[in-house]
Amino acid sequence: MTLIVGSVLVRNEDAFVEQAIRNVAAFCDRIHVIDHVSVDATWEIVRSLAREFDHVDARRSRNSADAHRLLAPYAGTPTWVIGVDGDELYDPQGLAGLRRELLEGGQADVFRLKAHVLNCDELNRSAHAASGWLAPPSRPVTKLFNFGAVEAWPESPDPLQSGDVSFRAGYNWESRRDLAESTTWETDPLRCLHVCFLRRSSRDAVGGTRKNLDESREFDRGVVGSLKRLVRAPEPAPKVAELQRQGRDWKREWYARGERVTVDATPFIARVAAVP
């Protein structure tokens with residue numbers, strides 16, 4: 001029997017984390033949430049959702065790798081895993097159709113799916129409008145993986161991002177289908193409103209970009225991790241480091257390409273309480 005599992009790793013995301021989880025609640029049979037020791041209201045929100053939804057497993061951890069360790073047992077099973085960040089709002093109605101397709105065996109010939117994304121820098125709730133840059137041509141962030149395509153995926157410091165993946169015959173990391181090639185923004189079932197340029201925490205003075213784990217290297221926020229960062233300063237990925245050297249914001253470079261557009265935000269910001 002095919003399962004759909006959600007993986008949520010968050011730190012200081014109390015502005016949108018409730019909406020992000022609610023939007024995928026009916027899509028997923030199980031949702032593993034790791035709060036990476038937030039200092040805003042994120043953990044309280046996540047715990048409340050775990051009390052409301054029986055299939056939400058909420059934990060706190062100083063080590064981000066724990067989020068992926070919860071996923072490792074699904075390797076080699078008929079399971080799809082969707083990674084959901086605290087700034088990623090999916091369309092629940094679109095996911096309902098995609099859920100039916102996946103449960104019937106659809107898309108199983110690929111390892112991962114990508115889709116349309118709107119990298120949002122303005123969200124007008126009263127007007128139900130969101131503005132920003134579409135992917136494509138910007139960079140997509142959607143993370144939906146077919147764990148039936150792998151023999152093992154035991155470790156990744158940032159869930160679903162890296163690690164030593166052992167693939168089954170016929171699959172590899174580039175076994176990918178981009179739904180944006182066969183759909184439009186309006187018809188893509190995996191479309192995502194990515195509020196990456198907005199204020200995401202009550203502790204943020206303003207909106208804007210923030211460092212991700214690959215930049216900060218704060219995978220382990222315990223004593224050992226802190227000591228390691230003192231001994232060796234964090235070094236981001238080479239592409240990111242080069243943009244920083246040039247004084248450029250990598251997130252603006254990758255997520256704000258093409259024409260700035262405005263879309264109907266209604267499907268992404270409505271309160272959702274349904275479960276499978």
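Is the crossing of α1 and α2 left-handed or right-handed? I looked this up, and the crossing of α1 and α2 is right-handed. I note at the start that this is a predicted model.

**Entry 1: the helix pair**

I wanted two values for this pair. Two packed helices are described by the angle between their axes and the distance between the axes. For helix α1 (residues 17-25) and helix α2 (residues 42-52), I found an angle of about 25°. Their axes are 9 Å apart. Angles under 35 degrees count as roughly parallel. I therefore wrote down α1 and α2 as roughly parallel to each other.

Next I listed who makes the contact. From α1 I noted Val17, Glu18, Ile21 and Arg22. From α2 I noted Thr42, Ile45, Val46, Leu49 and Glu52. I then sorted these residues of the contact by type. They divide into 5 nonpolar, 1 polar and 3 charged.

I remembered a rule about helices here. An α-helix has 3.6 residues a turn, so residues three or four places apart point the same way.

**Entry 2: the cover on α1**

How many of the residues of α1 are buried? I counted 8 of its 9 residues, so to speak: α1 is mostly covered. I wrote out the buried ones as Val17, Gln19, Ala20, Ile21, Arg22, Asn23, Val24 and Ala25. Val17, Ile21 and Arg22 are buried, and they also belong to the contact with α2.

**Entry 3: Val263**

I moved on to Val263. I located Val263 in strand β14 (residues 260-264). Is Val263 buried or exposed? Its relative accessible area is 12%. Buried means under 20%, so Val263 is buried.

Then I checked its partners. I left aside its neighbours within four places in sequence. Val263 is in contact with Leu118, His128, Ala129, Ala130 and Trp185. I looked at Leu118 separately. Val263 and Leu118 are 145 residues apart in sequence. In space they are 8.7 Å apart, C-alpha to C-alpha.

**Entry 4: the whole protein**

Last, I took the overall totals. I noted 9 helices and 14 strands in the protein. Of the 276 residues, 51% are buried. The accessible surface comes to about 12700 Å². Carbon and sulfur atoms hold 49% of that surface.

Key:
Residues numbered from 1 in each chain as written. Predicted model: local features only at pLDDT ≥ 70, side-chain atom pairs only at ≥ 80, totals over all residues. Heavy atoms only, no water. Axes fitted to C-alpha atoms, helices over the stretch in contact; angles between N-to-C directions. Helix = DSSP H or I, 4+ residues; strand = E, 2+ residues; numbered from the N terminus. Parallel < 35°, antiparallel > 145°, perpendicular 65-115°, else oblique. Left-handed = near helix turned anticlockwise from the far one by under 90°. Contact = heavy atoms within 4.5 Å. Nonpolar A, V, L, I, M, F, W, Y, C, P; charged D, E, K, R; others polar. Buried < 20%, exposed > 50% of the residue type's maximum accessible area, 1.4 Å probe, protein only. Areas by Shrake-Rupley, 256 points an atom, 1.4 Å probe, with all protein chains shown as cover.
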